[in-house]
Amino acid sequence: MSDQEDEICSITSALEMVYRAEREAVIISYHDVGAALIPLLLRLLERCEKGRKVLAEECISNISKVLLYMTRIAELRIPLVGHPGMLAALERVSTLPLSMENRVLRMRILANLANAEGNKVMIFERMSLLEAVMKIATLDKSESAREYASAILMDLASCNTNQIPMARIEKVLATFVKLAVVEDKVETREYAVSGLQNLAFEKKNRIQLVSYGSGVVIEALKKTTSSDSNDKTRRRSAGALTNLACDGTAEKMGNHDGLLTTLAEVSVNDTNREVQQRAALALTKLANSVTVKMKCWGTLLDALIKASQCKYADGIVSAMFRVKTRVEENRTSMAKHPMLLTTLAQMCLQSEDSEPSSADHKDGENATKAIAHLANDPLNHKLICNEHILAALVHGASLGGQEALVTRDAAILAMERMAMEHSNRPMMARYPGMLVTIAKATEREMHEELNGNPVSSATGQPRLAKPLLMSLLVAM
């Protein structure tokens, strides 16, 4: 290297040391000399890249560090992108034989710039730059370079304007999937999953994401939700699945091998409370759009039964049973499904001594209402008259306090419907506590009637306890 080139290298080294200064000093310097300095540095950077002499890598490193120090400051990121040659210099990272250190530096600069909201559209629309980032993300040997590439893609996907066109680029989806599943570094996987979650937030992307590659996005999210070592990655992966669930995607997602089962198992067995909650939410949102005519209906019921054991579901799983039993065409298959009635009975019974605001109380109310809905179908009357359901209904009908009003009325209603099947009455009449509970309900209704209340309670339900009691006494 000539004396002149050696002098240039020394100057870039000095600049690098100067720009290590505190934030305010860098801002002042940029406003004072930035308009002249940045174009000069970018031209010098390109000259060093073309020269490829012994000390060229050192100069490239010094210039890259100066730019990095500037991009750390949020206020400077948008004006920095506006300098001619800035994005072109960053784009060359995928084609030049740079050292690992310089490739990482260049990706760090771009990651900082992509983090600014005002830069995201400009960076994304430069397709050659996007291609360069994806090439680094999938092929670069540096773990750190791939990490920053993943962060760049995540930030670009967080911009509403970018989300639809990004989801239409299959190479972007493939890159996210690879980074989410294959990478060893925790942060890289987390950024990739967050990128998929960002894209899934846009409603118009959901069918595209679910259909891409015969379900590889769903498979990647299923795998990361169930087995990633990082809590944040698992949580965001479950969040992405929640975003994707809708009427248009429910059948494909429900039929995807193992997805419903995985969500149920994660909602119960994951070591992190938030992950359990997100998995339960994803499952119930998906369940809301699955119908009895779909192939995955039975698998869904199995998954909901498993998820009912989640301690942090806050009533959303039992609420889904309640919602599904409201639909008349669902009731027969639900009543016949193995363990479903037992699960509803257990949810009713676990509400004993629970606080009115607790999840157990919500579960008990929802499960009792679900049983009442099932009892509205005459084909179910014989089927649901078993010891588990009778225990749950006796428990629900005997609850005290105004906060248990809905549960009590639902239990009495379910009993009244079951007693319409004459062959059920002897078993019901002889069940321990049944007659005493109904007698107390009759007494409550009599007090309400004497007080001038037109119906049995605020639920608007007719007074059913007295005729129910008479029918069971006759059956003894």
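Helices here are DSSP runs of H or I with at least four residues, strands are runs of E with at least two, and both are numbered from the N terminus. The model is predicted, so local features need pLDDT of at least 70 and side-chain atom pairs count only at pLDDT 80 or more, while totals for chains, interfaces and linings use all residues. Residues are numbered from 1 along each chain as its sequence is written, and side-chain values use heavy atoms, with hydrogens and water left out.

**Stop 1: a pair within helix 2**

Start by selecting Glu 46 and Lys 50. They form a salt bridge, with the closest N and O atoms 3.6 Å apart; the term stands for a side-chain nitrogen of Lys or Arg within 4 Å of a carboxyl oxygen of Asp or Glu. Both residues sit in helix 2 (residues 23-51), and because they are four residues apart, about one helical turn separates them. Glu 46 is partly exposed at 33% relative accessibility, whereas Lys 50 is exposed at 63%. For these labels, buried means under 20% relative accessible area, exposed means over 50%, and partly exposed is in between, using a 1.4 Å probe and protein chains only.

**Stop 2: a pair across the chain**

Next, select Glu 49 and Arg 92. Their salt bridge brings the closest N and O atoms to 2.6 Å. This pair links distant parts of the chain, 43 residues apart: Glu 49 belongs to helix 2, and Arg 92 to the loop between helix 5 (86-91) and helix 6 (100-114). Are these two residues buried or exposed? Arg 92 counts as buried at 19% relative accessibility, and Glu 49 counts as buried at 4%.

Now move to Arg 126 and Glu 91, another salt bridge, where the closest N and O atoms are 2.7 Å apart. Here too distant parts of the chain are linked, with Arg 126 in the loop between helix 7 (120-125) and helix 8 (127-139) and Glu 91 in helix 5, 35 residues apart. Arg 126 is partly exposed, at 31% relative accessibility. How many salt bridges does a search of the whole structure find? The count is 21.

**Stop 3**

Select Asp 314, in the loop between helix 19 (297-307) and helix 20 (316-326). Asp 314 is not a glycine, yet its phi is positive, about 55°. It is partly exposed, at 47% relative accessibility.

Then go to Met 339, in the loop between helix 21 (331-336) and helix 22 (340-349). Its phi is also positive, near 75°, in a residue other than glycine. Met 339 counts as partly exposed at 48% relative accessibility.

**Stop 4: a helix pair**

Show helix 20 together with helix 23 (residues 359-375). They pack at an angle of about 15°, with their axes 8 Å apart. Helix 20 and helix 23 are therefore roughly parallel to each other, and their crossing is left-handed.

- Axes are lines fitted to C-alpha atoms, for helices over the stretch in contact, and angles run from 0 to 180 degrees between N-to-C directions.
- Roughly parallel applies under 35 degrees, roughly antiparallel over 145, roughly perpendicular from 65 to 115, and oblique to the rest.
- Left-handed means that the near helix is turned anticlockwise from the far one by less than a right angle; clockwise gives right-handed.
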